[in-house]
Amino acid sequence: PTRIWSRLAALVSRALFVSDIHIKSAQDPKCVRFIEFLQKAREIQPGHLFLVGDIFDLWIADRAYFVEGYRDVIAELKALHDAGTEIHYCDGNHDLDLKRFWEDRMGFRVHDGPAYFDLDGWRVRVEHGDQMDPDDSGYLFLRWLLRTWPMRRLGRYLPNSSVRMIGERASHASRDYTSNVKVASDDQAIVKIRSHAIRAYREKPFDLIVSGHVHVLENSRQENFACVNLGTWLKEPYVLDLEERNPRLRSLQEFLGS
């Protein structure tokens, strides 16, 4: 009975968050590391896993090109979900039209904008972060355009060769834009992250805000809330481990060894 109650407590209180892995293929070393992360997560069996956008360098709808190409990742995610972990997937700027596969077929919860959760009595706001700069009208228009019905239909039915070509070019352009144009330095990126968090808190208070997209690690305590940006696995992989209202931003190596 003691073990059962301990297990139930873990399910209620523990949540894991990852973002901006940018897996390019099944042979990508980041794909191997992500599978190791999922296997470790299955040992822990947290109550929630949050995929905070851009897990893949490109994912569109339920195209067989992606579903077959990432069979091992999908199998590990399904095993974790079947074991009792609720999985949330946030739309990023590299993964589009997610509900068609990840929600309708896999049973995950897909979020196309900021979402709020009650985790162990803490109010947590989770978002990819690509809407955090209200002055970036060019990107915000592109984001809207890619989510319109005609563009979704196009993405679902283009030939695989066209999807691959467009995806590779779009991913390269988006990553270059994110890394070199949107922010000139990590310090400026952190200013944007914190400014957005303060605006969001004024709109609807929370205890913790978690985002990605900007490819910069941020882990700070503001006056009324904690603020975490998950960085990117293109640099060094990190995991946010939230347990008993204690957000710990841990390197993947530390997490796997725990």
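**Labels and the values behind them**

Modeller: Gladly! Let's start with K78, which has a relative accessible area of 42% and is therefore called partly exposed. Please keep in mind that this is a predicted model.

Biologist: What makes D82 exposed, then?

Modeller: The relative accessible area of D82 is 52%.

Biologist: Why is the pairing of D82 with K78 called a salt bridge?

Modeller: The closest N and O atoms of D82 and K78 are 2.7 Å apart. The cut-off is 4 Å between a Lys or Arg side-chain nitrogen and an Asp or Glu carboxyl oxygen, so the pair qualifies. Both residues belong to helix 4 (residues 71-82), where 4 residues, about one turn of the helix, separate them. Elsewhere, salt bridges with shared partners link R14, D241, E243, R248, R250 and E254 into one network.

Biologist: How many salt bridges does the rule give?

Modeller: The count is 17 salt bridges. Another of them joins R33 to E36, with 2.6 Å between the closest N and O atoms. These two residues sit 3 residues apart in helix 2 (residues 29-44), so about one helical turn lies between them.

Biologist: Are R33 and E36 buried or partly exposed?

Modeller: R33 has a relative accessible area of 32%, and E36 has 30%.

Biologist: Let's turn to the strands. What makes strand 8 (residues 122-126) largely enclosed?

Modeller: Of its 5 residues, 4 are buried, so the rest of the structure largely encloses strand 8.

Biologist: How do you know that strand 7 (residues 115-119) pairs with strand 8?

Modeller: Pairing needs at least two bridges, and these strands have 5, so they count as a pair, in the antiparallel sense. L119 has W122 in strand 8 as its bridge partner. The two strands make a hairpin with 2 residues between them, and D120 in the turn has a positive phi of about 55°.

Biologist: Which strand pairs with strand 8 in the parallel sense?

Modeller: That is strand 9 (residues 208-211), with 3 bridges to strand 8. Here V124 is opposite L208 of strand 9. Strand 9 also pairs with strand 11 (residues 226-230) in the parallel sense, over 4 bridges, and L208 has A226 as its bridge partner in strand 11.

Biologist: What makes you say that both faces of strand 9 are covered?

Modeller: In a regular strand, side chains alternate between the two faces of the sheet. In strand 9, L208 and V210 point to one side, I209 and S211 to the other, and all of them are buried.

Biologist: Which residues touch the most other members of the largest nonpolar core?

Modeller: They are F34, F37, W59 and W102, in a core of 38 residues. Helix 2 gives the largest share of this core, 7 residues. Another core, of 20 residues, lies apart from it and includes L119, V228, L230 and L240.

Biologist: What does W102 touch, leaving out residues up to four places away in sequence?

Modeller: Its contacts are F56, W59, I74, L77, Y89, G107, F108 and V110.

Conventions. Residues are numbered from 1 along each chain as its sequence is written. This is a predicted model: local features need pLDDT of at least 70, side-chain atom pairs count only at pLDDT 80 or more; totals for chains, interfaces and linings use all residues. Side-chain values use heavy atoms; hydrogens and water are left out. Buried means under 20% relative accessible area, exposed over 50%, partly exposed in between (1.4 Å probe, protein chains only). A nonpolar core is a set of buried Ala, Val, Leu, Ile, Met, Phe, Trp, Tyr and Cys residues joined through side-chain atoms within 4.5 Å. Contact means heavy atoms within 4.5 Å.
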